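Me: I am new to this structure and would appreciate a close look at one part of it. Please take a single strand together with its surroundings and describe them in a connected way.

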Amino acid sequence: MSADGHGDRAVDAFVTHRNLLFTVAYEMLGSAADAEDVLQETWLRWADADLPAVRDQRAYLVRITTRLSLNRLRAVGRRRESYVGSWLPEPLLTTPDVADDVELAESVSMAMLLVLETLAPTERVVFVLREVFDLGYDEIAEAVDKNSAAVRQIAHRARAHVAARRPRGMVSPAETRRALTAFRLAIETGDVQALLDVLAPDVVLLGDGGGIKQAVLRPVAGADKVARLLCSTHVRTTTMSLHPAQVNGHPALVLRLDGEVDTVLTLRIDDGLISGVYAVRNPEKLSHMRSETVLRR
């Protein structure tokens, strides 16, 4: 085959699977910027691959992406230890079809990505490949350079860890929208009591300014503290606006200042009440709020 023919086949295969590969990397890293870097490295390795010898292009590409993501996950873990304030995943403005895939939407929600942050790197990779992308144990074992029996043990341990920390029960989009509407109205009017009515007693607010924008440096816990903090910063001027958006497959709010995205607010809901409020203000994490990101399984 000519060099041009090899290049065309490589490009076609990579483009076909690109959205899947991005989703794999993003779920493992919680960062769109890091996921994009992994995809660039994946492409370089794929372009040099012996394509006629590749029996399953999708599996081969996922394996490359997994190994690169695992290496990067170990590196960024050390970097996040020195992060200023709370580190939150990078929010994505997602296409409507992501919400239609309930399992995918749950797996990329801010609440779930934060749960995945509590896993060791290999546990996170194994969990994502098995539970989200339904890969076989043998295939996962090849991707993480372990035997199948070890991968089964890791998967079992990771499932138990996640089950103890994930949101309690599935929350319908309608339920999320109701909570979000009440939350938004309370913030816009500065109504503390209305906000208390939708907050769980043990609600926790996390803010991520990355040391660039002002944000709470430590988690704020308790309904009264969270309500008063949010209402003290409610939308006061005509240059500020709060609008609903689909973020990581779930209804969320975007605060704009002079037309530019300033803060992305996402929620965790348990038993009908808001148990987590996540406010991303770090401008380096808001670039994927300008246009929709396509996620695929």
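**A strand and its sheet**

Reply: In this predicted model, helix H10 (residues 173-189) lies across strand S3, strand S4 (250-257), strand S5 (260-270) and strand S6. The direction of H10 makes an angle of about 25 degrees with S4. Helix H12 (residues 223-232) also packs on the sheet, where it touches S1 and S2, and it runs at about 50 degrees to S1.

The sheet itself is open and consists of six strands with mixed pairing, arranged in the order S2-S1-S6-S5-S4-S3. Its edges are formed by S2 (220-221) and S3 (240-247); each has a single partner strand, so one side of each lacks a neighbour in the sheet.

Strands of a sheet pair through backbone hydrogen bonds, in either a parallel or an antiparallel manner. On one side, S1 (residues 199-208) runs parallel to S6 (residues 273-280), and six bridges join the two. Among the residues paired in this way, Leu 206 has Tyr 278 of S6 as its bridge partner, and Gly 207 is partnered by Ala 279, also in S6. Towards S2, the pairing of S1 is antiparallel and extends over two bridges. Here Val 204 has Ala 221 of S2 as its bridge partner.

As for burial, seven of the ten residues of S1 have under 20% relative accessible area. The strand is therefore largely enclosed by the rest of the structure.

Technical notes:
Residues are numbered from 1 along each chain as its sequence is written. This is a predicted model: local features need pLDDT of at least 70, side-chain atom pairs count only at pLDDT 80 or more; totals for chains, interfaces and linings use all residues. Side-chain values use heavy atoms; hydrogens and water are left out. Two strands pair if DSSP finds at least two bridges between them. Helices (H or I, at least four residues) and strands (E, at least two) are DSSP runs, numbered from the N terminus. Contact means heavy atoms within 4.5 Å. Axes are lines fitted to C-alpha atoms, for helices over the stretch in contact, and angles run from 0 to 180 degrees between N-to-C directions. Buried means under 20% relative accessible area, exposed over 50%, partly exposed in between (1.4 Å probe, protein chains only).
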